[in-house]
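Me: I'd like to learn how to read the aromatic features in a structure like this one. Can we go through it together?

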Amino acid sequence: KVYRGNWIKNGYAPEDHHFELTHVKIWRKEDLVRGTAWGVRTWKGERMGKVERLTSTLKKEWSRIVEPASVVAKRSRERKKALHKAHTPKDKSGQAAGSAPQPAAGTGPQSEAASQASQ
């Protein structure tokens with residue numbers, strides 16, 4: 001998440017007015033490093049939803065909102081879980097395709113071996 005310093009001067013809090021970067025492209029032009037960034041804007045606490053190109057990316061007034069590592073890790077786990085769930089095909093019974101149905105308790109090869117050992 002990034003914000004511009006002059007937004008604070010104009011009374012916009014970084015927590016409610018920022019961009020969440022989605023991708024960055026960096027290149028060299030002669031001896032200079034240039035770049036372009038894209039992200040999703042959050043303005044007045046509302047996420048706009050579409051990816052847009054950031055303007056004035058060469059200005060030095062851009063700052064990063066630093067979040068605690070625990071918050072970043074939790075968000076990453078939630079995104080991975082959602083992606084995995086979205087990409088796992090389901091069969092008619094609602095189970096993930098290709099997975100074997102779970103045997104009822106007290107049945108199956110392990111319970112048979114346990115019952116033979118107890119005799």
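Me: Let's start with tyrosine 12: how does its relative accessibility count?

Reply: Tyrosine 12 comes out at 32%, so it counts as partly exposed. Bear in mind that this is a predicted model, where local features need pLDDT of at least 70, side-chain atom pairs count only at pLDDT 80 or more, and totals for chains, interfaces and linings use all residues. Residues are numbered from 1 along each chain as its sequence is written, and side-chain values use heavy atoms, leaving out hydrogens and water.

Me: How many aromatic pairs does a search of the whole structure find?

Reply: Rings of Phe, Tyr and Trp (its six-membered ring) pair if their centres lie within 6.5 Å; planes under 30 degrees apart are stacked, over 60 edge-to-face, and the rest tilted. Here the search gives five pairs. Take tryptophan 7 and phenylalanine 19: their centres are 6.3 Å apart and the planes are at 35°, so this pair is tilted. Tryptophan 7 lies in helix α1 (residues 5-9) and phenylalanine 19 in strand β2 (residues 18-29), so the pair ties together parts 12 residues apart in sequence. Both residues are buried.

Me: And which ring does tyrosine 12 pair with?

Reply: Tryptophan 43, in another tilted pair, with 5.0 Å centre to centre and 45° between the planes. Tyrosine 12 is in the loop between α1 and β2 while tryptophan 43 is in strand β3, so this pair ties together parts that are 31 residues apart in sequence. Ring pairs link Trp7, Tyr12, Phe19, Trp43 and Trp62 into a cluster.

Me: Which charged end sits over the ring of tryptophan 43?

Reply: For that, NZ of Lys or CZ of Arg has to be within 6 Å of the ring centre and within 35 degrees of the ring normal. In this model it's arginine 41, 6.0 Å from the centre of the tryptophan 43 ring.

Me: Which residues make up the largest nonpolar core?

Reply: A nonpolar core is a set of buried Ala, Val, Leu, Ile, Met, Phe, Trp, Tyr and Cys residues joined through side-chain atoms within 4.5 Å. The largest one has eight: Val2, Tyr3, Trp7, Phe19, Ala37, Trp43, Leu54 and Trp62. Strands β1 (2-4) and β3 (32-43) each give two or more residues to this core; helices (H or I, at least four residues) and strands (E, at least two) are DSSP runs, numbered from the N terminus.

Technical notes: Buried means under 20% relative accessible area, exposed over 50%, partly exposed in between (1.4 Å probe, protein chains only).
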